[in-house]
Amino acid sequence: MASLSEEVLLVVKRVRQRKQDGTLYLMAERIAWGPEGKDRFTVSHLYADIRCQKISPDGKAKVQLQLVLHTGESSTFHFANVSTALKDRDATKELLQQLLPRFKKKANKELEEKNRMLQEDPVLFQLYKDLVVSQVISAEEFWANRLSLSSVDHSLSNNNKQEVGISAAFLADIRPQTDGCNGLRYNLTSDIIESIFRTYPTVKQKYAENVPHNLTEKEFWTHFFQSHYFHRDRLNTGQQDIFSECAKQDEKGLKSMVTQGVKNPMVDLLALEDKTLDEGYGTAAAPSTSNVTKTLRENSNCAIIKRFNHHSAMVLAAGLRKVEACSDQTSETSSTDGNSRDSDLFQPPLKKVKLQEAIEYDDLQSDCRRKPISLNLKKSDRYSHGPVPLQSQPYTSSQDILNSIGVIQHEMKSYKPRLTQVMSSSAASSAITALSPGGVLMQGGSQQTVNQLVPSDVQSELKHLYTAAGELLRHFWTCFPVNTLFLEEKVVKMQSNLERFQLTKLRPFQEKIQRQYLSANLTGHLEEMLQAAYSKFQAWQSRRMTRKT
Amino acid sequence: MKLNIDGLLVYFPYDYIYPEQYSYMLELKRTLDAKGHGVLEMPSGTGKTISLLSLIVAYQTTFPLEVTKLIYCSRTVPEIEKVVEELRKLIDYYAKETGAKSNFLALALSSRKNLCIHPEVSSLRFGKEVDGKCHSLTASYIRAQRHSNPAQPVCKFYEEFDAVGRQVPIPSGIYNLDDLKDFGRRKGWCPYFLARYSILHANIVVYSYHYLLDPKIADLVSKELAKKSVVVFDEAHNIDNVCIDSMSVNITRRTLDRSQANVETLQNTINRIKETDAAKLKEEYKRLVEGLKEANVARETDVYLSNPVLPDEILKEAVPGSIRTAEHFVGFMKRFLEYLKSRLRIHHVVQESAPQFLKDIFEKVCIDRKPLRFCAERLRSLLRTLEIADIADFSAITLISHFATLVSTYSKGFTIIIEPFEDRTPTIANPVLHFSCMDPSIAIKPVFGRFQSVIITSGTLSPLDIYPRILDFRPVTVASFTMTLARTCLCPLIVGRGNDQVAMTSKFETREDFAVIRNYGNLLLEMSAIVPDGIVAFFTSYVYMENIVASWYEQAILENIQRNKLIFIETQDAAETSMALEKYQEACENGRGAILLSVARGKVSEGIDFVHHFGRAVIMFGVPYVYTQSRILKARLEYLRDQFQIRENDFLTFDAMRHAAQCVGRAIRGKTDYGLLIFADKRYARADKRGKLPRWIQEHLTDGSLNLTIDETVQLSKHFLRQMAQPFRREDQLGLSLLTLEQLQSEDMLQKIAQIAQQA
């Protein structure tokens, strides 16, 4: 069962499960336990299946670890090695703690995704009911094709999904607790670490530089909490501190943000005043020239205020920062200094818009027409011509198009019907009768349509049958050309699925409509489709036979 | 719609109208008819600007001989631009309705920094640099030098304008700052000088207060504006401070040192010129004998600050002999500087009046009053004669000369205070001479005297009677308009106690109290949990805010607030604050919500609007009294008491309340807007404070919301916010706070409207 190539991350001996001694293995994707002296696992769980782990409280005689699965089952391991039980258990716990979240997300995401698709698409849901619930095909088969099919829009929808922002108070959530002996304990969760990294890219950079070559993760965070960087009143950032650089970079970021100025002219306080008083005029006391007068306390207050502004700006920027933008070299600078918006080159229009907004009284206007969203084109030329192939090709410029329109208009104006060459009126009217409902050429259309003939419940049933058959047939036809072993297997299976479908679904339906004395050829088309598939299968099989022999 | 305002056909560019707008226009019309001045208070967001513009433009078109020009003064550049855009809307409407293209010319004027299109000069960041650089390219003698030396760089935009720009007047239309720049670029003309030239024949000029109130600039820019103009001061609640600021001078030791250096430079230049070009100085002397009139034909490009005093009779006199020659004048200035230096060498505070100062200076260094009066004018002339290129370097000596002129001209309304050190740091010597104007009417008097109608208007002018008193004029109309509301979209609450019943107040004795600070923190925390989007909180001063923020941080209150909203804080650095403001708006925009901690009397409280979701609640922590220990303020209060019979306390409360109202009013910018206005100080509940709030706030202040605890506030706020979140449609407003033309014409509506205006 266990493939040999699996990487074993941790082996814990002398672990009991159901009163049996054995060994616990933690592997890359699953956790497994095998009884002593046997080379197979009796317990094996994928990490993705595990909902959570529980441990027995400290001080209990039995040192245990329980895994609870999504299905609700659980398995308990008892660490029986007297001397190292606790250590073993903690090691296992730690490792699991790191591993589980990774798989959890994946599993959940998949499940969520499936759920979402079913909820959003009633047709798909019906199909699911028809095929999976009635066990025509298995759930995996159903999804295997679906998920990959929708992978395109799947990724799209993933991008469109709003990213979860960061709580502004994430640093406050790390409540330091005294551990009783002159120390502080900080509780860090992966969420908080994520928040720190996203808000302060410089810390992430430091982390990447130092962990694990220079420092362990734990040491890194200890340093972090000890550093002045973490503490708001960063006054004397010592040189030895690895975070002093971060502080400097932050400072720089803040400065660049400030010098960049603001885009919205309505909030630009620098440009507010039209004419400032010259130096020396006015009643307001001139700003004291010396900074000596500022006390230390005032300075630290200033630092706190600055820090809050910076923190909020960073949090705001982190929420807006795109994941891919981070990897992008060009946007690196803009993303680390907390400036979240793309530089727009359209300053004057923005100003106009803001001014217009400011003077608008929407209740005085007669109709509040919705403002249309204006199209923002980088290259308007490309928009009007569409993508143009690179090789030189005679393509029509807008001038040509305009010219030709002009020519056509001209022709239209000067158009004169040549009355001598038209059809005779009798021929025309006979053509019209032939084409009207009931006419010679409209014979096919004279049949009444299905929705007039058949009661609605039968209709909807027929619809479901069509979608189900369509789905199965799609599966079937996608197997061709059959060039792998897997596809061969699949095509055989699909063939049997089709037959089963015909037997369990189509037949009863046919009988039902016969009972209701409806025209039997309602299902004719379905039968035809199935027949086509069968004959394809037959052809393929006979060819295979001949090839084999 | 077309309105009939007391017999005047007024085009109003909207299909609906607020009743108070109609009422406002009626009062305005009466003021214009009487050719008098007016004080009109109407809450912001009720379309004050468009009402003003509609009526005055209509008046101008109907009676072109009565009112020739509208001079619209506003405070900030964005405000100016907004006014021009509203005007554009109005004129477009005129064109649409009448079918004829109007020949209206309206333009905005701003400083060079906002109008320059010279590639090098406009790239400079600070206004002063731009002015200096511009001057070095366009000053009259620089251009004269170019005749002999073609290599001399000049501004080609100005040259072009000077050559052809004056012959053809600018085509009629509405020119905002950007439009002027576009036009200038197209023609290759300098937009700044074009605008300054064009205001003379424009129908409407929009610019900032300073161009009219600051005599140093007003003389240069607005001197030739027609008498038959209507002047509007919008957002005028602070106009007295603008007036005072423009007339006050501070002299520090640094100023004196720099002036000293300036005088040295002047001396050297004079000596050099004497050797090379003595004729030039002779000519100047001759000119000065003939009087200053000649010298006063100022070339428009010269940015020398003009004489700070206006009286014409001085200009007709000849410059006194003692300072007529250049050397004598420099010697005179040296003497004056030495005297000032000796005055700054003191160890105790000195306060004296202008006559006392003059007496002392005559006794000590024998400087007479008369030559002092001519100081500014004489220096201007000298600087021009000496062809000093970089005027900015001479700002110190210019300041001193202005001081000399002012102190010798006005015997009343000013005070001189010499402080040897700052109050906070008594050990560090930092002597300052404050020459402080105490009477705002001095600066604004010429405006009232010159123009036939001056309208002072704002959202917060209460109590209305105080402005005519401190500005010393007699208005023909004084009125306050309320905001008619279909739903009470503002909810003023006075929070006086914490949940622990400890009184909340920023009173000096208790402001450092731990319980008060904690309660303030709890209030903000509770509000941050229930108010959607943006909250703006104002503190009474910057230092106070710093302290509170620090202790909130220590008490982990800020951390808890951060769980609800992002926090942004105003700093003393304007660029940093702009950044914080923008981020704040961004956070409100994307739904995160944010809190802005700000300061009353700060830049944010004066110039930034928090419309709709940018400000769903405003919290005013404490009563924003001005720092009362300052000697300048004390002197001013004394003056107010003696001259205008305004009691100190009345004025202080008035000043505090107008700033508080200004702060909380930032959040309500229209009838579809809504917001909580929270006054967090128990003192607001007192009648003397409450009574000084604008009428449109007072009206909604019920007795039940006077002394609330934090919990009660939260309950009331929740209720209010839930109500306001309901959809609000036009039908709800129609007939109550929004009128169609038919509704407006009905008899009982007109009766109702008559009650909107409350005459003071």
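User: How many bridges join strand E1 of chain A to strand E7 of chain A?

Analyst: The model is predicted, where local features need pLDDT of at least 70, side-chain atom pairs count only at pLDDT 80 or more, and totals for chains, interfaces and linings use all residues; side-chain values use heavy atoms, with hydrogens and water left out. Residues are numbered from 1 along each chain as its sequence is written, while chains are lettered from A and ligands numbered from 1 in the order in which they are written. Strands are DSSP E runs of at least two residues and helices are H or I runs of at least four, numbered from the N terminus, and two strands pair if DSSP finds at least two bridges between them. E1 (residues 8–17) and E7 (residues 74–79) of chain A run antiparallel, and the number of bridges joining them is two.

User: Which residue of E3(A) stands opposite Leu26(A)?

Analyst: A hairpin with two residues joins E2(A) to E3(A). E3(A), residues 30–35, is antiparallel to E2(A) over five bridges. Leu26(A) sits opposite Ile31(A).

User: Zooming out, which strands of chain A stand at the edges of the sheet?

Analyst: It's an open sheet of seven strands with antiparallel pairing, in the order E4-E3-E2-E1-E7-E6-E5 (chain A). Two of these have a single partner strand each, so one side of each is left without a neighbour in the sheet: E4 (43–46) and E5 (50–55) of chain A.

User: Now the chain B sheet: what does its twist average from one strand to the next?

Analyst: This one is an open sheet of six strands with parallel pairing, in the order E15-E20-E19-E16-E18-E17 (chain B). E15 (490–494) and E17 (566–569) of chain B are at the edges with a single partner strand each, so one side of each lacks a neighbour in the sheet. Angles run from 0 to 180 degrees between N-to-C directions of lines fitted to C-alpha atoms, for helices over the stretch in contact. From one strand to the next, the twist averages 15°.

User: What angle does the direction of helix H30 of chain B make with that of E19(B)?

Analyst: E19 (residues 617–621) and E20 (residues 675–680) of chain B run parallel, joined by five bridges, with Phe621(B) opposite Ala680(B). Helix H24 (residues 514–530) of chain B lies across E16 (534–539), E18 (594–599), E19 and E20 of chain B, at about 180° to E19(B). Helix H30 (residues 648–665) of chain B also packs on the sheet, touching E16, E19 and E20 of chain B, and its direction makes with that of E19(B) an angle of about 155°.

User: Which residue meets Lys35(B) in a salt bridge?

Analyst: A salt bridge here is a side-chain nitrogen of Lys or Arg within 4 Å of a carboxyl oxygen of Asp or Glu, and the structure holds 50 of them over all chains. Across the interface of chain A and chain B, though, the rule finds zero. At 2.4 Å, N to O, Lys35(B) pairs with Glu66(B).

User: Where is Pro463(B), the proline with the cis peptide bond?

Analyst: Most peptide bonds are trans. The bond joining Ser462(B) and Pro463(B) is cis, with omega about -10°. Pro463(B) is in the loop between E13 (453–458) and H23 (466–471) of chain B.

Key
Contact = heavy atoms within 4.5 Å.
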